[in-house]
Amino acid sequence: MTEPTHDEAHAGALGTRLNWLRAAVLGANDGIVSTAGLVVGVAGATENRAALLTAGLAGLLAGSMSMAAGEYVSVSTQRDSEMAALAVEKRELREQPEAELEELTEMLRVRGLSREVAREAAEQLTARDALRAHARVELGIDPDDLTNPWHAAWASFLAFTVGALLPLLAIVLPPAAWRLPVTVVSVLAALVLTGWSSARLGAADPRRAVLRNVLGGALAMLVTYVTGRLLGAAGV
Ligand SMILES: [Zn+2]
């Protein structure tokens, strides 16, 4: 994929946005597959709509909250370590400014600037905002734009919920005879869409991603359905 060169300056921000979008698609995919497996499994054992609704809704809530909690913990931990790194950087800038200027110069030089230009650039960056310059060049983070754990948690909660609603509605809305076909077809169609989107957002081959995604979802539904049938037949 070739992109116009004038777009490359924004590659960082664009990359971040694409990562968020891709995480949302994968979160929705998770919601679709896990809830579809759950409701299809229960549908293998019973035709009771209340049981299907209860299982589907419990699966939706448990899954979305577990995703949100996991995301909150992981982003908080990352944020803690970024803040700790920034605090160290701040202290170093205060206690040994000359060594830090030399360090910044050297990091700019290895990125392709001549020694003189790197020194000049380092001096200007240090004069403007030394901490931000070190955070960006040395740590690769933007001190004004650390990821918010609550945002990350909400985003995964929502993404999973949107995905989970599809199999939940597909299993409880149609008449009993149509439940499984409607759910299986709509879930597989949605998995084509999420597999294709996540591959495109990650610049990977969409056909393979779609195939893997659909096969994975189909396998999940098959395994839980057979399990549900066996348990239902055994009268458990
Ligand atoms: Zn530094």
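Trainee: Which residues touch the most other members of the largest nonpolar core?
Mentor: Ile 32, Ala 36, Val 39, Val 42, Val 187 and Met 221, out of 35 residues in that core. A nonpolar core is a set of buried Ala, Val, Leu, Ile, Met, Phe, Trp, Tyr and Cys residues joined through C-beta atoms within 7 Å. Buried means 20 or more other C-beta atoms within 10 Å of the residue's own, with C-beta atoms placed from the backbone.
Trainee: Which element gives the most to this core?
Mentor: H1, with 12 residues. Helices here are DSSP runs of H or I, at least four residues, numbered from the N terminus.
Trainee: And what does Ile 32 touch?
Mentor: Its contacts include Gly 163, Pro 167, Val 187 and Gly 217, leaving out residues up to four places away in sequence. Contact means C-beta atoms, placed from the backbone, within 7 Å.
Trainee: New topic. How far can I trust the model?
Mentor: It is predicted, so local features need pLDDT of at least 70 and side-chain atom pairs 80 or more, while totals for chains, interfaces and linings use all residues. Residues are numbered from 1 along each chain as its sequence is written. pLDDT is the predictor's confidence in each residue, from 0 to 100. The chain averages 91, and 94% of the residues score at least 70.
Trainee: Where is the pLDDT below 50?
Mentor: Over residues 1-9. Where pLDDT is low, the predicted coordinates should not be read in detail.
Trainee: What about H2: how many residues?
Mentor: H2 has 47, and spans 68 Å from first C-alpha to last. That is close to the 69 Å expected at 1.5 Å a residue. The expected span is 1.5 Å times one less than the number of residues.

Definitions and conventions
A residue is buried if 20 or more other C-beta atoms lie within 10 Å of its own, exposed if 12 or fewer, and partly exposed in between; C-beta atoms are placed from the backbone. Helices (H or I, at least four residues) and strands (E, at least two) are DSSP runs, numbered from the N terminus. Two residues are in contact if their C-beta atoms, placed from the backbone, lie within 7 Å.
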